[in-house]
Amino acid sequence: MVEQVRKLLEKRLSNVTDLEDIRQSILQRRDPNKLCISVCAGTGCRASGAEAVVDAFMDEIERRELQINVELKETGCHGFCERGPVVVIRPKRVFYQRVKPEDIPEIISETILNGNIIERLLYVDPVTNEKIVYEPDVPFYKRQTRTIFGANGEIDPTNIEDYIAMGGYSALSKALFQMSPEDVIGEVKRSGLRGRGGGGFPTGRKWESCRDTKGDTKYVICNADEGDPGAYQDRSLLEGNPHSVLEGMVIGAHAIGSHEGYIYVRNEYPLAVRHARIALEQAMDYGLLGEDILGSGFDFTVTINKGGGAFVCGESSALMTSLEGKIGEPRAKYTHMSEKGLWDSPSLLNNVKTWANVPLIINKGAEWYSQIGTAGSKGTMIFSLVGKINNTGLVEVPMGITLREMIYDIGGGIPNGKKFKAVQTGGPSGGCIPEQHLDTPVDYDELNKLGSMMGSGGMIVMDEDTCMVDIAKYFIDFLKGESCGKCIPCREGLTRMSEVLNKIAQGKGKREDLGILEDLAGILSDGALCALGRTAANPVLSTLHYFRDEYIAHIDEKRCPAGVCRELIQYSIDPERCEGCLRCLRACPTSAISGEKRQLHTINQGMCIKCGACYDVCKFNAVVKQ
Ligand SMILES: Cc1cc2nc3c(=O)[nH]c(=O)nc-3n(C[C@H](O)[C@H](O)[C@H](O)COP(=O)(O)O)c2cc1C
Ligand code: FES
């Protein structure tokens, strides 16, 4: 059988039967009941020591000569990175979290050889305190619908055979041999898929416009620039399942008549670049990319291009300018990029997640796909759920799930008994949504109605200790720093907004500043060259709309209700509670605290820099923040 595979590969896959033969031969070589240890080796788990865990497993498996009976697989991100390194033992899917190299001999002797569960490595539900054994029962995973992201935990992204074994590239063969390009575009249109990169533009319509535009050369581009603070879903998908993205791109290229593609990937994503590169090489070797793909006569190549290192390079026109080798600045889009994009040729740009949806739609059909989601937003969306929430990580959910379900059922609620305050969706240009809208179904249109947006899937949860003026200031300062400066509304508008917000946060604001912020927001949205500037005011407008009283407290009462804005808070020591333990005195970086052991301590307000170190270390709640 191995010889048969080798022979097939020597002549590359040259038709659909070859692909199916390869798949069958891979499946025959695999035993679905064989124990498989999947160690997450995504960037998050690597940061918490996954490579050492893999090494320890290798050593132990070799030492006990278990290679024949046990498979070790390094997979991409499983989504629950906060609990990393994550290990899943299949087929039963025993879920171990925060695994260390020293746990490995016990995992092998207890779980692998004797089927026993190691309690201390299990996930404990923070709400019920229940220990959970199997991955699908972990609340974080239970409410998810992992149509795009699920394979991440099952395949080795550096082994194309894993992807083919799961039916990978069968959508490509279907698109090449059983469908016309028009059929493919029709299927994508009917599915209702909308771009997952931010704007939510209908994908099929974009493809159709690109196909209908005349041009000898057309380009297909994958946008993997992902510059939103806190977002990492595109990285995890490209790292963990690069072939799903690649397959989508080849299908798209064939549909619009393109022979040249690019993956524009953020420079700071070395593992995604590495895995995408390996995927390209393997797909070339297998005849799934390059000349005469699967013997269809269709040629398509893909080049990886590392991003220019700026948030704005993710914007379509800036990305294409950067791909041309120029400074990644946006340009006025009098015509769509699908008609006049890279080197002025028709160019089809889609986000990583958008591309990964395509094989699914082609394989399972538009009817199946469009049953998931809401009337205007079909399919699932991968969010990075972060911030003040018990379970942080990447979650894939059907469009239409409510914010409350995401935050409480999947995210496990707010830690430390704190109260929920707002959730920020849509990346830096998104808006902050308050508690009264938690039952809103999450889709493109509903989020827009609330003054926020879907964006690329960022979701930051904030608790009662978050100051909304500070949040608006943070995002405006981020966007100010990332504005390319080419157009005046964005360059000057964001600078002025930042000045006004800083004034308010320092207690120097006036009531009329709120009107100035609103005027600037109007100028930005009407006059900025690209969507960075046009949407930049959302964090200010949404916080002004839902949390105006907090702005007023900063202005009228010179008070920060959440106790965050440094200039407006003061730390003092409660004489009734102070035990004179010296902890705060030792923690103070400016020696602003004086006092003897077992005697009342005091803070010199002139020397205090309001860092809060004393407040954090006091065990007697004697440091008071006002
Ligand atoms: C400032 C800015 C940054 C953007 N960054 C990204 C990004 O990192 N990834 C992405 O897919 N889209 C990004 N977009 C959206 C792209 O311009 C474009 O709409 C998208 O890549 C199209 O793909 P889609 O239709 O699949 O969403 C950004 C837009 C703006 C205005
Ligand atoms: S990197 Fe391991 S779960 Fe995300």
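The model is predicted, so to speak: local features need pLDDT of at least 70, side-chain atom pairs count only at pLDDT 80 or more, and totals for chains, interfaces and linings use all residues. Residues are numbered from 1 along each chain as its sequence is written, chains are lettered from A and ligands numbered from 1 in the order in which they are written, and side-chain values use heavy atoms, leaving out hydrogens and water.

Let's start with the sheet. Four strands form an open sheet in the order β9-β8-β7-β10, paired in parallel. Strands here are DSSP E runs of at least two residues and helices are H or I runs of at least four, numbered from the N terminus; two strands pair if DSSP finds at least two bridges between them. β9 (301-306) and β10 (347-351) sit at the edges with a single partner strand each, so one side of each has no neighbour in the sheet. From one strand to the next, the twist averages 20°. Angles run from 0 to 180 degrees between N-to-C directions, using axes fitted to C-alpha atoms (for helices, over the stretch in contact).

Zoom in on β7 (residues 219-224), which pairs with β10 over five parallel bridges. Y219 has S347 of β10 as its bridge partner. Helix α13 (residues 270-285) packs on the sheet and touches β8 (260-265) and β9, with its direction at about 165° to that of β9; contact means heavy atoms within 4.5 Å. Helix α15 (residues 352-364) lies across β7 and β10, at about 95° to β10.

Now for ligand 1. There are 19 residues around ligand 1, and G197, E226, N350, N351 and T354 come nearest; a residue counts as near if one of its heavy atoms lies within 4 Å. A backbone N or O atom of G197 is 2.7 Å from a ligand 1 oxygen atom, while a polar side-chain atom of N351 is 2.7 Å from an oxygen atom of ligand 1. The protein covers 89% of the 610 Å² of accessible area that ligand 1 has on its own (Shrake-Rupley method, 1.4 Å probe).

Most residues other than glycine have a negative phi, and most peptide bonds are trans. The G84 to P85 peptide bond is cis, with omega near -10°, and the R90 to P91 bond is cis too, with omega near 10°. E65 has a positive phi near 55°.

Conventions: A polar contact is a pair of N or O atoms within 3.5 Å; within protein, one must be able to donate a hydrogen and the other to accept it, and residues adjacent in sequence count only if both atoms are side-chain atoms.
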